[in-house]
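The structure is shown first.

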Amino acid sequence: MTYLTVENLSKNFGTKVLFEHITFGISRGDKTALIAPNGTGKSTLLKIIAGGEVQDSGKVMLQNNIRLGYLEQEPELEPGMSIRQYITQGDSDIAQTVRRYEEAVEAQAADFNEKTQKAYMNAVAEMDSVGGWDYEQRMEQILSKLDIHDLKRTISTLSGGERKRVALAFTLIGNPDLLIFDEPTNHLDIDMIEWLEEYLSASNITFLMVTHDRYFLDRVCNHIIEMDAGNLYHHKGNYAYYLRKKAEREEVEQAGIRKAGQLYKKELEWMRRQPKARTGKSKSRIDAFYETKEKAGRSKDTTELELDVSMQRIGGQVLELEHISKAYGDTVLLSDFSYSFNKGERIGIIGSNGVGKSTFLKIITGEAEPDAGTVKTGATIQFGHYRQQETSFEEGRRAIDIIKDVASVIMMADGTQLSATQFLEHFMFPGSLQYTPVEKLSGGERRRLALMMVLIQNPNFLILDEPTNDLDLYTLQKLEEFLLGFGGCLILVSHDRFFMDKLSDHYFVFEGNGVIRDHHGTYLEYRQMKEDEEAAKKREKRESESVKVPNKKQPEEKNSNPSKLSYSEQKEFKKLEKQIEELEAEKSDIEKNLGSGSLNPDEIRESSERYASLAEEIDEKTMIWMEMAERAG
C-alpha cells in the first residue's frame, strides 16, 4: 500500500530554486532517509509533505485515513503549557480518542441509556483503530526513555534540547502510520538514540526522515533517496548499500564523461573547419557536437582542499589532571580522576546526560574549579572550545565580516595562506551566503559559523562539544577531513558514534557516580563489552537467588554451559510460555467484552483496569521469556 505520493513537486525561495519536479512514493513499511546537501530544501520538502508549507507546483497525496506525525528540526511549542498538557492535550488523534473514551465511560456511568451506550461503543471502536488501550503505558515508557520526568514543568523553562525531546515524545506517543522526521537524533544522548533505533526497527512504523547520523541511518533504514544536482536516486537498502551503489554510479558517470571529453576534442577539430550546415548529416553532427560538449563539461571537481592549519608547537607538557574530584550536592561527577595527556592524542567522551561531561571540559579549560586535585596546563597549550549552545552574533553583520574579525587570512602549515572566503567555501558557505546578514542564517548555519570561529584561531588543543548537530552529511565529511589532518590534541563529545569512532583513539566513558572508564577500542566494542558484563551480572544474580537445599551436595552438571538453561530454568521457561498464552487469551476476551456493549459501568471500569494490568504483566513475562530464549539458543 502506498502511503505517500509526491508528484512533480517544485519550490523556489526568492530567485533560488530549491527543487524542481520531485516525484517519489513511500509505501507501507518503507523506512526512508532523504540525503542531500544543505541548501537544497530538505527541511522545506518535509514541511510541505506535513502540510506546514505550500509548494509552488505539484501534488502531495496521502492515502485515505493515514495518520501523519511530524517532528520539525527546531519545533515550536506553546511556552505557557506544561509538558503534561502538551503531551496529553495536544492535537494528536490518539490523545483526542483517549479523551473521548474517558468521557464516554464517565457519561455511561453517570447515566446509562441508549445514547451514552452508543457513544461508548463508538469510543471503543476508535480506541481499537488507533491502538489506544496501551496509551498510558506507552507514554510512560517513551517519556522515561527520553529522560522526561517532571511533567509539571512549563515549556518556557526547557532548553532547546529538552523541547526537541518533548516534541519527539509527543510525535511517537501519537502512534502515527507515517512519521516525518527532521534530524530526530539531535539533542539525544547515545542511550536515547539506541533506544530510538530499536523502537523504529522493531515497530511497523513507516517514516521519511532527514538525519546526519550514519550509524542510525545504517541500522533503521531500508530505503535511501538521494537528491543530487536536481536528480533523485533510489537505493533499496541501508546506508552502507547506498554508499556502495553511489560509488559505482559515480564511477560509471565519470567514465562516460571522460569518453565524451575525448570525443569532444575530435568533434571540435571538425567544427573548427566551419562546416556548412547544408545537409541533414551535417546538422545532425553539429547538434551531436553541442550535446557532447555539454556532457564533457559535467565533470565534477573531485579535488579536495587540504586544510593543514598552522598552529603553535606543543611543548613537553600538555595537560595533567591529578586526583580531580567534583560534586554538586550529593551528585558526584568526578572522583579522584588522574590522567596525563600526550601530544596529538584524540579522546572521545561518552556518557548519559548529567554525568559530568560538560563540567569535566570546563575544569580542563579553567572555567570551573575542581573540589580537589590539580590541573597542570602546558605553557604552549592554546585551547579552542566549541560549545553546543548557539553563539550569539551581532545582528546585521555578515558571515564574511565575522570571520575576518578573527583572521583575514589563515596561515597553513606549509607557509601558504588561505583567505577567509576560501575557508568559508570549504565549510559549505558559498559566495552568496557569505554576504548574508547573520540574522537570516538558519540555526544550523549559525552553529557552523561558530564552529569555524573556533577552528580559525589555530588552537593546538581542540575541545568540541556536540559539533555535528544540524550539519548535513556533506559538511560533516568536510569537518572530519579537517580534524583528521589536525595535528594537535582533540577531545570530542558527540552523540554521533560514526564520527567519534572515525576520529577517536580511545574513549573516556562517564558511567556515573564519578566513575570514568578509559576504553581503548570502538564505541560498538564498548557496547558489546557492557552487554556481556550486564549478562554476566544477571546470571550471577539468578544463581545467588536460586534456592539450594542446605547440607546437601549439589549434583554436578556434565558439560555445563552457562549460556544454556538449567533443568529448573527449562521448566520455568515452558511454564512462562503457557502463562503468557493464557494471559493473552484473557486479554483478548476482555477486548471482546469491552466492545460488546453488554457490560454495566462497574464491569467496564473493572475490565479496563484488569486490561491495563494484563498488558503490563504480559510485557514483563515476555521480557523474561525472551532473555531465557536467547540463552537457550
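1. Basis. The model is predicted; local features require pLDDT of at least 70, side-chain atom pairs count only at pLDDT 80 or more, and totals for chains, interfaces and linings use all residues. Residues are numbered from 1 along each chain as its sequence is written, and side-chain values use heavy atoms, with hydrogens and water left out.

2. Helix H5. Helices (H or I, at least four residues) and strands (E, at least two) are DSSP runs numbered from the N terminus. Buried means under 20% relative accessible area, exposed over 50% and partly exposed in between, with a 1.4 Å probe and protein chains only. In H5 (residues 135–145), the buried residues are Tyr 135, Arg 138, Met 139, Ile 142 and Leu 143. Viewed down the axis of H5, these residues fall within an arc of 125°, so they line one face of the helix; the arc is that of the directions from the helix axis to the C-beta atoms. Just after H5, Asp 147 adopts a positive phi of about 60°.

3. The loop at Gly 174. Gly 174 belongs to the loop between helix H6 (160–173) and strand S6 (178–182). Its relative accessibility is 11%, so Gly 174 counts as buried. The C-alpha atoms of Gly 174 and Ile 87 are separated by 9.1 Å, although the two residues are 87 apart along the chain.

4. The largest pocket. On a 1 Å grid over the protein atoms alone, a pocket is an open set of points with protein on both sides within 12 Å along at least five of seven lines, and lining residues have an atom within 4 Å of a point. A volume is the space filled by probe spheres set on the points, which are joined across faces, edges and corners. The largest pocket has a volume of about 2200 Å³. It is lined by 46 residues, of which Gln 141, Trp 195, Glu 198, Met 623 and Met 626 are the closest to its centre. The largest share of this lining, 11 residues, comes from H20. The lining of the largest pocket divides into 13 nonpolar, 8 polar and 25 charged residues; Ala, Val, Leu, Ile, Met, Phe, Trp, Tyr, Cys and Pro count as nonpolar, Asp, Glu, Lys and Arg as charged, and the others, Gly among them, as polar.

5. The second largest pocket. This pocket has a volume of about 1500 Å³. Among its 46 lining residues, the closest to the centre are Asn 38, Gly 39, Thr 44, Ser 442 and Glu 445. Its lining comprises 14 nonpolar, 16 polar and 16 charged residues. Both domain 1 (2–239) and domain 3 (319–527) contribute to the lining, so the second largest pocket lies between them; domain bounds come from an automatic or database domain assignment.

6. Aromatic pairs. The structure holds 16 aromatic pairs. Rings of Phe, Tyr and Trp (its six-membered ring) pair if their centres lie within 6.5 Å; planes under 30 degrees apart count as stacked, over 60 as edge-to-face and the rest as tilted. The rings of Phe 337 and Phe 508 have centres 5.5 Å apart and planes at 80°, so this pair is edge-to-face. Phe 337 lies in strand S11 (residues 331–341) and Phe 508 in strand S19 (residues 506–512), 171 residues apart. Ring pairs link Phe 337, Tyr 339, Phe 341, Phe 360, Phe 383, Phe 461, Phe 508 and Phe 510 into a cluster.

Technical notes: 1 Å grid on protein atoms, 1.4 Å probe; cavity = no way out; pocket = protein on both sides within 12 Å on 5 of 7 lines; lining within 4 Å.
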